[in-house]
Amino acid sequence: MPRGPEPRHLHIHRDLLRELKSLVWQGREIHLVVQRARIVVLAHEGHGTEEIAQIVGWTARAVRKWKARFESAPALGTLNDAARSGRPSKVPLSIRCQLVRLACERPNHEIMRFRDVWTYASLSDVLAAKTGYRLSISEIGRILRFKEIRPHHVAQWLHCEDPDFLPKAEAVCELYLNPPKDAVVVCVDEKPMQALERRHPTHVGRNGTVRYEYEYKRHGTQVLLAAFDIASGKVLGHVLPRRTGPALVDFMEALARKYPTQQVHVVWDNLNVHYDGKDERWTRFNARHGDRFHFIYTPKHASWMNQVEIWFSILHRRILRHADFGSADHQKDDVEGFIRHWNKTEAHPFRWTWRTDHVKNRREVASATTADAQVPS
């Protein structure tokens with residue numbers, strides 16, 4: 001049956017047209033919704049059905065359908081798919097509720113012995129034992145994913161019991177954000193390293209994936225002592241066979257020679273060698289240097305507040321994680337070479353975004369880019 005003449009112009013209110021054009025230009029909605037909005041806008045501009053179909057790459061029948069639907073209900077919501085009833089659920093609601101309740105409980109000896117974390121298979125077994133209704137593993141996964149429940153995932157957290165957490169954290173943040181004039185702020189810490197040699201050469205696959213042999217030879221361990229200057233981003237580092245109190249004092253002597261006249265504020269964690277000990281190592285060290293050194297300790301279990309840890313993560317990703325060291329000396333040469341390269345070409349300060357004011361902290365961290373957010377919130 002031949003169709004009657006089709007109106008070429010679709011009348012749309014000015015405010016609604018502005019919203020439609022914004023949706024098309026931004027392209028942030030689902031692709032189908034954006035295409036439907038293009039159809040409506042083009043129809044408003046006077047384009048015919050066949051012409052619109054060619055522009056958007058749809059059939060004329062589909063274009064005609066969405067023009068008619070929007071004309072009958074001119075609103076942005078009209079562009080979305082209509083709700084569908086779908087196939088009736090085969091799993092009774094009571095069984096779904098029982099499954100969710102099980103998944104939100106931790107396994108114990110009464111529910112299931114010798115298991116601390118749920119799996120889909122173990123949930124299926126316990127649900128069948130309790131209700132006589134067995135669900136497949138895939139069905140259990142679908143139900144729990146829809147509810148955003150992940151009983152097989154384990155997250156770790158660490159509770160800091162330091163009663164002076166806030167004053168210590170404020171002291172560290174104040175140094176980072178408002179360093180004293182004509183003074184130096186350095187972050188000092190140690191990084192243990194294993195010198196590992198792969199038994200077979202590392203190679204690159206056809207798709208660009210780096211592949212290295214799982215088995216390795218150990219050539220011992222050593223430690224990197226490092227000091228990160230928060231103003232310049234430069235690093236002073238020494239690779240040593242082991243970490244000892246005298247070795248750390250020697251490293252700090254090198255740091256004193258690097259800054260011979262300035263006041264030096266040292267941020268480090270609560271490791272035992274960072275305290276005086278029986279020999280009063282740091283009291284005597286400071287006396288030798290005119291009491292120029294001021295030691296600031298991060299809160300207990302908050303060594304992430306030490307900015308040198310950020311630099312250690314860069315070193316680990318760039319040099320240590322996938323490396324192949326034939327000896328401990330080989331590793332030492334590579335690490336010290338990277339330090340020289342860093343200081344010459346890449347050294348830069350890190351932007352500190354963490355605050356002890358939690359409201360301000362959440363706002364600033366949320367607005368920071370990935371490149372800027374150098375510390376966990």
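Predicted model: local features only at pLDDT ≥ 70, side-chain atom pairs only at ≥ 80, totals over all residues.
Is W342 buried or exposed?

1. Numbering starts from 1 along each chain as its sequence is written, and side-chain values use heavy atoms, with hydrogens and water left out.

2. W342 is buried, at 1% relative accessibility (buried means under 20% relative accessible area, with a 1.4 Å probe and protein chains only). W342 lies in helix α12, residues 328–346 (helices are DSSP runs of H or I with at least four residues, strands are runs of E with at least two, and numbering goes from the N terminus).

3. Leaving aside residues up to four places away in sequence, W342 touches G233, V235, W311, I314, A347, H348 and F350 (contact means heavy atoms within 4.5 Å). V235 is 107 residues from W342 along the chain, yet their C-alpha atoms are separated by 7.9 Å.

4. Have a look at the strands next. β4 (residues 216–229) pairs antiparallel with β1 (residues 183–198) over 12 bridges (pairing needs at least two bridges found by DSSP); V186 has D229 in β4 as its bridge partner. β4 also runs antiparallel to β5 (residues 235–240), joined by six bridges, and L225 stands opposite H238 in β5. Five residues separate β4 and β5 in their hairpin, and G233 in the turn has a positive phi of about 80°.

5. Finally, T49 sits in helix α3, residues 49–56, and is buried at 5% relative accessible area. The T49 side chain makes a polar contact with the K67 side chain at 3.2 Å (a pair of N or O atoms within 3.5 Å; within protein, one must be able to donate a hydrogen and the other to accept it, and residues adjacent in sequence count only if both atoms are side-chain atoms).

Methods: Buried < 20%, exposed > 50% of the residue type's maximum accessible area, 1.4 Å probe, protein only.
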